[in-house]
Amino acid sequence: MPEPKVASFPAIRGALKFYQIASIITGVMLLLLLKYTPIHLELFLGGSGGPLWFAGVLAGPDCQWWSLFAPMTNSCEMTSLGDGFNLSLFILVAHGWFYVVYLFACFRMWSLMRWRFPRFILLALGGVIPLLSFFMEAVVAREVKTYLATREAAEASTPAPEGVR
């Protein structure tokens, strides 16, 4: 696999920062989508619970255990017990749109670092599997920073050819 060129290191640093920010935003949005977890909660703004509160969600009788992991694949109806503005729906839509930005950040990081394709798939999964984006962000940041520092140290210790300055 070819290695990144030294000239692309500033672009890699910028892509890394963009990836880190996108990864954290995506991860936080996923954590706030508690409706599709076993605890069944939705976040509300205003209403009877106060300015910002979580309300329960009742899973219907047709809901199976796997309904949590594949919403809308069966006749599972979930009824919200909250009133007020449903922030969970807003977060769900915002996460969907921001996931496109996250995928772009993953693609840019992956292509600049010249990683293999399975690495891109793992990065992309970070946007849909809760907590994985936080883990991947830490691993990728550490790996890329170490790689850049190692390559720059190697380049600095290599003498320039005669006549080139």
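Author: Let's start with F117, which counts as partly exposed because its relative accessibility is 48%; buried means under 20% relative accessible area, exposed over 50%, and partly exposed in between, with a 1.4 Å probe and protein chains only. Before going on, note that this is a predicted model: local features need pLDDT of at least 70, side-chain atom pairs count only at pLDDT 80 or more, and totals for chains, interfaces and linings use all residues. Residues are numbered from 1 along each chain as its sequence is written, and side-chain values use heavy atoms, leaving out hydrogens and water.

Now the neighbours. F117 and F120 both sit in helix 3, 3 residues apart, which is about one turn of the helix. Helices here are DSSP runs of H or I with at least four residues, strands are runs of E with at least two, and both are numbered from the N terminus.

What about F120 itself? With 15% relative accessibility, F120 counts as buried. The ring centres of F117 and F120 lie 6.0 Å apart with the planes at 35 degrees, so this pair is tilted. The rule is that rings of Phe, Tyr and Trp (its six-membered ring) pair if their centres lie within 6.5 Å; planes under 30 degrees apart count as stacked, over 60 as edge-to-face, and the rest as tilted.

In total, the structure holds 10 aromatic pairs. Another one of them joins F120 to W110, also tilted, at 5.5 Å centre to centre and 50 degrees between the planes. This pair links distant parts of the chain: W110 belongs to helix 2 (residues 87-113) and F120 to helix 3 (residues 117-125), 10 residues apart. W110 counts as buried too, because its relative accessibility is 17%.

One more ring to look at is W115. The charged end of R119 sits over the W115 ring, 4.1 Å from its centre. For that label, NZ of Lys or CZ of Arg has to be within 6 Å of the ring centre and within 35 degrees of the ring normal.
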